[in-house]
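Hi everyone, thanks for making the time. I'd like to walk you through one protein today, so please have a look at the screen.

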Amino acid sequence: MSRGITAVSTLLLLQASGLNVALRPRAQRPRSRAPIATPEPSPPPPTASLQKDKLAAKARVAAAKDELAAAAERREAEAQTAERCAAEARAAASRSAAAQKVADEAAAAASAAEHELASATADLDAAAAALEAWEKENPLSALGSVGVAVGIEVGAAVAETAGKALLSSLFGESKSEREAREAREAAVAAEANAEAEAAAARERAAAEAAAAAAEAAAAAAAEAAAAERAAAERRDQELRQKREAAEEALRVQRPRPLSDVAATQAAEAAVNAAAAAGLMDADAAEEKKRELQQAAEARERLGRLRLFESDLALLGFEAVSEDDLLALDEKALRAQFRLRSRELHPDAATEEELAGRPSVYELNAAYTSLLKLVR
């Protein structure tokens, strides 16, 4: 403050003495300004087609999940049906075993009755033969009481047998024979019925097992088809994401790296210096600079194409050299696109041939993206 007053006083004294002294303003320091922050470019809003594709993909995934759930329910129902068939087969086998037991018992009773009848007949024949032999050996005694008693007994047996024969000839078989025959027939019928029921149960079980196996195979096929559709959707989604990332990189990044631009400019400066020094004529210098420019453009074109490696691979250009890739034009691209369309189009290939491959829709999108680069 005191220094400022002293300077003003000195100036006033000098002006009073006749000296023309002008006040000079102090030099102002330049004000430093903070750099203005450039806002980051906002990502482009998703297009309507992308939203539509995402919604369609979600719908297909939901449909695949529903198909898997339905397949699981069908497998559960098939397992219950197979268990029911097995229970019916076991019940039929049990009934068959019971019928077989009844048939065996009836056959045993009939066999015992036949055996007793044969034994009685044999005893009767033996007694008659013995009596006849005794009468031949003792003709006088055969007339006595003993012979009479034996004759009565033999006569009664013969009469009984004859009576049975007469009754059988008049009225058919006896009650015991009829019961034995009916038991045998019932046993045979029960055995036949049991065998028929067992055969029918086996046929039903086999038919239901075959139907269950067919349904299980159909469910497995549906599950495999749903899994394949989900995998195909994932493949297509990965291709779309890579393509979108390549298009975004192509939009925001420089066509050529700064190092490549600097190297090209340095080479052109060297050529100009050589021409100015007389080491190279003007035509050669221009030709050299033209070659440098063409090489730089080729590197730029190659770098842009390399961003779309997934689309190049989809169209069949994954194994080509850099020279062939630089020589790629619209005609060659269209020819390769038609060739791949015949391989991936559902009207020209079977489901087995299309399994594990991207869809033809992604092929069309890849062709459109590359066509913009080669035109």
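Let me start with a term I'll need later: a residue is called buried under 20% relative accessible area, exposed over 50%, and partly exposed in between, using a 1.4 Å probe and the protein chains only. Please keep in mind that this is a predicted model, where local features need pLDDT of at least 70, side-chain atom pairs count only at pLDDT 80 or more, and totals for chains, interfaces and linings use all residues. Residues are numbered from 1 along each chain as its sequence is written, and side-chain values use heavy atoms, with hydrogens and water left out.

First, the overall picture. The protein has eleven helices and zero strands; helices here are DSSP runs of H or I with at least four residues, strands are runs of E with at least two, and both are numbered from the N terminus. Along the sequence, that reads α-α-α-α-α-α-α-α-α-α-α. Of the 375 residues, 19% are buried. The accessible surface is about 26400 Å², and carbon and sulfur atoms hold 58% of that; these areas come from the Shrake-Rupley method with a 1.4 Å probe, and for residues only the protein chains shown count as cover. Contact, for me, means heavy atoms within 4.5 Å. Among contacts with a separation of 6 or more, 69% join residues 24 or more positions apart.

Now to helix H4, residues 175-252, and helix H11, residues 360-374. Their axes come within 10 Å and cross at roughly 15°. Axes are lines fitted to C-alpha atoms, for helices over the stretch in contact, with angles from 0 to 180 degrees between N-to-C directions. Angles under 35 degrees count as roughly parallel, over 145 as roughly antiparallel, 65 to 115 as roughly perpendicular, and the rest as oblique. So H4 is roughly parallel to H11. On the H4 side, the contact includes Arg243 and Leu250, and on the H11 side Ala366, Ser369 and Leu373. By class, there are five nonpolar, one polar and five charged residues in that contact. For the classes, Ala, Val, Leu, Ile, Met, Phe, Trp, Tyr, Cys and Pro are nonpolar, Asp, Glu, Lys and Arg are charged, and the others, Gly among them, are polar.

Let's stay with leucine 250 for a moment. Is leucine 250 buried or partly exposed? Its relative accessibility is 23%, so leucine 250 counts as partly exposed. Setting aside neighbours within four places in sequence, leucine 250 touches Arg304, Leu307, Phe308 and Leu373. Leucine 305 is 55 residues away from leucine 250 in sequence, yet their C-alpha atoms are 9.8 Å apart.

Aspartate 311 sits in helix H7, residues 309-314, and counts as buried because its relative accessibility is 0%. Beyond its neighbours within four places, aspartate 311 is in contact with Arg243, Ala366, Ser369 and Leu370. Glutamate 233 lies in H4 and, at 6% relative accessibility, is buried too.
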